[in-house]
Amino acid sequence: MYEALKNITFIIFDLDGVFYRENQSLEGTKEIIDYLNEENIEYCFFTNNSNYKIHRYKEKLLTCGIEVSEKNIFTTTKLIEHYLFENNLDNIYVLGSKQLQENLYDKYKQNNKNPDVVILGMENNITLKDISNTINLIGKDTQIIAANPDKLIPLKDGFELECGVLIDIIEEYTKKMVQVIGKPSPYGFNTILSKFGKENSETLMIGDTFETDILGAKNANISAGWINSGNKLPSDTLDFDFMIFKSLIELKEKIKEAKR
């Protein structure tokens, strides 16, 4: 299985749980990036989070000893902007964080009455009234897109609800399908591959969450590697072909071995 690493020229990394967990950097972060730079293997970072601007992730990577261009960091906000642009959508309504609203309303027209597209992203202060108002805006021709399908975000002392909960509610009461932009939808992966001019066969996804990172790679027909850094694998993964690494250090060693 690891022989596939021989042909890898591009790696898409998840962030939280792979390079850091909360404010703690994880093992091998600087080592793997230094190695990829030395070997001219390209890479980027892809997070499902729509709550923060890209410079925030650049700063977090700096704490791991890694300096990268913002062009190499993809958030679901950035991918939503791309989706709106390529589909010529301008009149929008956003149910999500202040950061998501600011980013999108800065470039597209806010429409609180009859939007062409409603955009969903989770934020802790969203109320039932906010959700009701959003549902009432959705008509027969309104598109609905969502940043990500995650329902829960694990924390030290429990969890927080995420965007998948909004998707369930809105699909139930509007009877319309919500298109997901982030992982595990292939949209984000395909957009990233197009921007870097890469083929599926030369690309590897590295993440710590099976339901988004590994399944997303499968949906996009690219190789996948799971980092054992905290999240558990589901009990039944027999139908999925993916690599397992104890850490980014082991990933580095496996790539070196495959390319000898």
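Alanine 146 stands opposite valine 180 of strand β12. The model is predicted, with local features requiring pLDDT of at least 70 and side-chain atom pairs counting only at pLDDT 80 or more, while totals for chains, interfaces and linings use all residues. Residues are numbered from 1 along each chain as its sequence is written, and side-chain values use heavy atoms, without hydrogens and water.

Strand β9 (residues 143-146) and β12 (residues 179-180) pair in the parallel sense over 2 bridges; pairing requires at least two bridges found by DSSP. Helices (H or I, at least four residues) and strands (E, at least two) are DSSP runs, numbered from the N terminus. Strand β8 (residues 117-120) also runs parallel to β9, joined to it by 4 bridges. Valine 117 has glutamine 143 as its bridge partner in β9. From β8 the chain passes through helix α5 (residues 128-137) to β9 in a right-handed β-α-β crossover (clockwise from the first strand over the helix to the second, with the strands pointing away from the viewer).

In helix α9 (residues 248-258), the buried residues are Leu248, Leu251, Lys252, Ile255 and Ala258 (buried: under 20% relative accessible area, 1.4 Å probe, protein chains only). These residues line one face of α9, because they fall within an arc of 135 degrees seen down its axis, the arc being that of the directions from the helix axis to the C-beta atoms.

The whole structure contains 0 disulfides (pairs of cysteine sulfur atoms within 2.5 Å). The sulfur of cysteine 64 lies 16 Å from the closest cysteine sulfur, in cysteine 44, too far for a bond. Cysteine 44 is buried, with a relative accessible area of 0%, and cysteine 64 is buried at 6%.

Conventions. Buried < 20%, exposed > 50% of the residue type's maximum accessible area, 1.4 Å probe, protein only.
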